[in-house]
Amino acid sequence: MSAIEKTILVTGGAGFIGSHLLRHLVRTYPHYKLINLDLLTYAGNLENVRDIEDAPNYSFLRADITDLDAMRSIFAVYPVDTVIHLAAESHVDRSIDDPLIFVKTNLLGTATLLQAAKEAWDGNMDGKLFYHVSTDEVYGSLGEDGLFTETSPYDPRSPYSASKAGSDQLVRAWGHTYGLPVVLSNCSNNYGPNQFPEKLIPLFINNIRHRKALPVYGKGENVRDWLYVEDHARAIDVILHEGQLGETYNIGGHNEWKNIDLVRLMCRLVDEKLGRAEGSAEALITYVTDRAGHDMRYAIDASKIERELGWRPSLQFEEGLSRTIDWYLENETWLDHVTSGAYQEYYDKMYGQ
Ligand code: NAD
Ligand code: DAU
């Protein structure tokens, strides 16, 4: 058995993207030590990492990234040389309803983690890396044309995107001022298994399953650029190993969908898979009051990561969506589990049903 080559602290590893990233890294790099640091908020669920929990190169720590003493003691105990930072409050609607927790977790939490890493690595930054995982929402909203590039100006519009934009700038500030080795990526909308059913795709699959209304905001004309979560995990892997220090990489699927077209496609696929009459899910579509400040269109120019690092999305959308729907229909226990208790209160508050 050869020695541990890297000790990587992954924050937010019990959430949606973090759990896929950990599964990928644990299986691909047996000589890396992967530490999953997660507070297990409503969005974090250890069931998401059940299949890797016994792996010899994996361990879990429950901790809060806003707690400086806790972060310092993790760096004191473990020889962490790499941080991949995903822990965040991530849902736009929740940020509109309760913005302060977004400021606390995404801004204070990121600054706290940066500070703990800087203190631990001061004097010896060689071989160290702080990788910050961020979102395309920092660039604001596009009209009918154009794509977000790495040099698009920041123009965040929701408490969520503003807190992520600020966290990106904090990472750059620690890089610039203290010489912390940093790299950032900004990704478009992810979809796939294990996504909490507050986000469009899993929420609507779950609602169709229960024959509940499908609440489409506004006219359903907003556009999102969807990427399968495992493709995002692969992109993070490539940037981790090949990315240039101080750089930012945009990640996206070249896969723009108007919400209503995506919802109609989901309806058709779920009806087919459940053996229901054609059109029965579409009858559930209900147009509801628009999200406050709803960004119209996101679309990523991913040419930099494709050109410089050779990454490309691997899955066609219809295949990824079909696979995703199959997962939710085959994992009803997971859905029932995460939608019990506090989820009901959230749903009633947001959608009044
Ligand atoms: P998620 O909400 O599914 O998971 C977030 C995780 O962070 C949860 O496990 C939660 O318990 C943990 N967490 C929250 N507060 C914490 C704290 N104070 N201390 C420690 N852990 C805490 O989010 P996700 O969709 O997997 O997103 C992960 C990251 O990727 C976020 O930073 C998000 O901004 C970014 N991102 C998401 C998308 C997307 O489409 N979901 C796209 C681009 C970027
Ligand atoms: O672009 C990346 C971002 O994508 C990530 O940074 C965020 O963490 C992630 O939540 C996601 O943000 P969105 O707001 O785009 O995703 P959401 O799934 O919430 O909504 C997708 C679209 O669907 C958006 O235009 C709003 C709409 N929508 C959403 C919900 C939950 C509805 O019409 N009805 C709904 O009930």
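This text walks through a predicted model of a protein with two ligands. As a predicted model, it reports local features only at pLDDT of at least 70 and counts side-chain atom pairs only at pLDDT 80 or more, while totals for chains, interfaces and linings use all residues. Residues are numbered from 1 along each chain as written, chains are lettered from A and ligands numbered from 1 in the order written, and side-chain values use heavy atoms, without hydrogens and water.

Start with the overall fold. The protein has 12 helices and 12 strands. Helices (H or I, at least four residues) and strands (E, at least two) are DSSP runs, numbered from the N terminus. The radius of gyration is 20 Å, close to the 20 Å that the globule rule gives for 353 residues, so the protein is as compact as a globular protein of that length. That radius is taken over C-alpha atoms, and the rule is 2.2 Å times the number of residues to the power 0.38. Along the principal axes, the C-alpha atoms fill a box of roughly 65 × 45 × 40 Å.

Next, the packing. Of the 353 residues, 56% count as buried. Buried means under 20% relative accessible area, exposed over 50%, and partly exposed in between (1.4 Å probe, protein chains only). Take the contacts with a separation of 6 or more: residues 24 or more positions apart account for 82% of them. A contact here means heavy atoms within 4.5 Å. The protein exposes about 14,700 Å², and carbon and sulfur atoms supply 50% of that area. Accessible areas come from the Shrake-Rupley method with a 1.4 Å probe; for residues, only the protein chains shown count as cover.

Now turn to ligand 1. It has 28 residues around it, and Ile17, Asp38, Ser90, Tyr160 and Lys164 come nearest. A residue is near a molecule or strand if one of its heavy atoms lies within 4 Å of it. The shell divides into 14 nonpolar, 11 polar and 3 charged residues. Ala, Val, Leu, Ile, Met, Phe, Trp, Tyr, Cys and Pro count as nonpolar; Asp, Glu, Lys and Arg are charged; the others, Gly among them, are polar. Helix H1 (16-28), strand S5 (129-135), helix H5 (159-178) and strand S7 (189-191) each supply at least two shell residues. S5 gives the largest share, 3 residues.

Which atoms meet ligand 1? A backbone N or O atom of isoleucine 17 lies 2.8 Å from a ligand oxygen. A polar backbone atom of threonine 41 is 3.0 Å from an oxygen of ligand 1. Aspartate 64 places a polar side-chain atom 2.9 Å from a nitrogen of ligand 1. Taken alone, ligand 1 exposes 840 Å², and the protein buries 96% of that.

Ligand 2 is surrounded by 26 residues, the closest being Thr135, Asp136, Tyr160, Arg291 and Tyr351. By class, they are 11 nonpolar, 8 polar and 7 charged. A backbone N or O atom of proline 215 lies 2.8 Å from a nitrogen of ligand 2. For tyrosine 217, a backbone N or O atom lies 2.9 Å from a ligand 2 oxygen. Histidine 294 brings a side-chain N or O atom 2.7 Å from an oxygen of ligand 2. Alone, ligand 2 exposes 690 Å², of which the protein buries 95%. Helix H3 (92-97), H6 and strand S8 (214-217) give two or more residues to this shell.

Finally, look at H6 itself. In this helix (residues 200-209), 9 of the 10 residues are buried, so H6 is largely enclosed by the rest of the structure. Among them are Ile201, Pro202, Leu203 and Phe204. Arginine 211 follows H6, with a positive phi near 55°.

Notes:
Polar contact = N/O pair within 3.5 Å; in protein donor to acceptor, adjacent residues only side chain to side chain.
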